[in-house]
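Visitor: Could you take me through this protein step by step? I would like to begin with the words I need.
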Amino acid sequence: MSLDPRPPVTRTEVPADAENIDSVPGERQRRSFLPLFVLAWFGITFATGTIAGAAIPKAFAFLDDATKGVNLSIVAGVGGIVVMIITPLFGRLSDRTMSRLGKRRPWILGGAVVGMAGVAVLAAADSLVMITVGWCLTQAGFGAANAAVHALLADQIPRRIRARVAAAAGAAGGLALILGALVLAMLPNDARWSWFVVPGLIGAVLNVGLFVVLRDITRTDHPERFRWADVLSTYWLNPRRHPDFFWAWTCRLFVTMSIVSVSTYLLFFIIDHLGIPREDASGVQALTLAVFTVGNIVMALVFGWVSDRTGRRKPIVVFSALLSAVGLGIAIASPDLAVFLVGIAIVGAAQGAFVSVDVALMTEVLPNTVDAGKDLGIVALSYQVPQLLVPIAAVPLLAIGSGENYTALYVAAIVFGLVGAAAVLPIRAVR
């Protein structure tokens with residue numbers, strides 16, 4: 001895949017050929033840009049996904065097994081609030097950034113540095129408070145880099161290849177989760193610092209790689225004065241003025257809530273429901289994520305190609321939600337690990353179909369490319385809000401009956417996915 005040649009753009013005006021669906025504000029990129037773009041996406045997911053989904057749960061299981069579920073919910077909830085606040089704000093600030101380095105590159109590099117500072121805190125943490133502080137700092141850093149990387153989809157990726165690039169990035173994110181779990185399983189149980197430093201360092205290095213090769217947009221015109229009202233508007237797009245954006249955002253919110261309901265408590269499901277010892281649970285988690293990721297990657301690449309060829313996004317979203325419901329139903333009824341893996345494989349395939357069109361769909365309902373960083377920051381909220389809402393909802397769901405009620409949690413995940421599929425139907429601008 002190659003990008004069309006075009007002269008550099010040094011301002012944030014909408015390009016004159018905006019009627020061309022392949023028109024983007026950025027200039028022609030180096031051949032290494034697309035691979036390093038996907039690798040940066042991989043790196044952010046590898047760092048944050050491994051730490052949140054494997055390292056922190058494992059740390060709590062070893063620190064205090066009796067309170068691990070509540071502690072994880074607290075950390076995930078507080079971290080979710082931090083990301084909800086900083087992601088759209090940092091996206092908007094990157095839109096306004098005037099730097100010789102460009103609009104996005106300072107945030108990619110600075111985010112990696114701050115993220116590693118948070119990783120250092122996590123590596124030394126031995127209490128709930130310090131783990132919470134370290135995770136919030138890690139989220140803030142990698143969240144800033146993530147906001148800038150997402151904005152590049154609108155800045156630099158033509159629409160004709162956007163679903164395929166997004167699918168490749170989504171597949172890379174899925175692969176990051178499985179490799180992260182595998183790496184964590186290989187690290188020694190008596191070197192807890194390595195559970196955080198290794199994934200964090202890999203994520204930071206890959207983002208630095210994108211920083212080096214990116215030919216960024218350089219803003220030369222001074223933006224209007226930033227007021228408090230602008231801060232508040234950073235988190236809002238009027239759904240009456242932009243209904244397609246609203247429905248696409250709602251779709252992504254509920255589909256993400258479905259998958260987060262499964263992934264956040266996966267390690268604890270393996271320990272408590274399947275009866276795997278905590279010393280061996282990381283290896284089983286890696287196996288589960290491997291099964292999930294195989295289906296995810298294959299379906300993401302297949303449906304990314306299908307979507308770009310047909311121009312259709314919405315039917316794939318509906319199909320993915322129905323397929324996910326089937327997989328979660330099998331996982332709920334699973335009497336052992338083998339049957340659970342079958343259900344998770346189906347869920348992974350469904351998620352792959354969804355991510356193949358998810359980001360492309362969101363970029364196609366953006367109001368404009370001028371505020372792409374801010375608007376894609378709002379898009380990111382549809383991914384981050386579930387990380388706050390799911391832990392809150394999980395506490396009463398898991399407490400139903402005798403406690404640790406994963407059936408109730410997975411039934412809720414099915415409902416979330418179906419609601420997300422229904423939300424995509426009113427969108428008019430995208431087929």
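Guide: Let us begin with residue classes: Ala, Val, Leu, Ile, Met, Phe, Trp, Tyr, Cys and Pro count as nonpolar, Asp, Glu, Lys and Arg as charged, and the others, Gly among them, as polar. Please keep in mind that the model is predicted.

Visitor: Thanks. How many helices and strands does the protein chain have?
Guide: The protein chain has 14 helices and zero strands. Of its 431 residues, 58% count as buried.

Visitor: And the contacts, what share joins residues 24 or more positions apart?
Guide: Among contacts with a separation of 6 or more, such pairs make up 83%.

Visitor: What classes of residue make up the lining of the second largest cavity?
Guide: Eight of the lining residues are nonpolar and five are polar, while no charged residues take part.

Visitor: New topic: which residues have the most contacts inside the largest nonpolar core?
Guide: In that core of 82 residues, they are Ile56, Phe196, Tyr265, Phe340, Met362 and Tyr410. Leaving aside residues up to four places away in sequence, Phe340 touches Leu266, Phe269, Leu274, Thr288, Ala331, Ser334 and Tyr410. There is also a second, separate core of 34 residues, which includes Trp41, Ile44, Cys136 and Val213.

Visitor: Why does Cys136 count as buried?
Guide: Cysteine 136 counts as buried because its relative accessible area is 15%, and buried means under 20%. Cysteine 251 is buried as well, with a relative accessible area of 4%.

Visitor: How many disulfides does the structure hold?
Guide: The structure holds zero disulfides.

Visitor: What does threonine 48 touch?
Guide: Not counting residues up to four places away in sequence, threonine 48 touches Gly53, Trp135, Gln139 and Phe142. Threonine 48 and glycine 143 are 95 residues apart in sequence, yet their C-alpha atoms are 9.2 Å apart in space.

Technical notes. Residues numbered from 1 in each chain as written. Predicted model: local features only at pLDDT ≥ 70, side-chain atom pairs only at ≥ 80, totals over all residues. Heavy atoms only, no water. Disulfide = S-S within 2.5 Å. Buried < 20%, exposed > 50% of the residue type's maximum accessible area, 1.4 Å probe, protein only. Core = buried A, V, L, I, M, F, W, Y, C linked by side-chain atoms within 4.5 Å. Contact = heavy atoms within 4.5 Å. Helix = DSSP H or I, 4+ residues; strand = E, 2+ residues; numbered from the N terminus.
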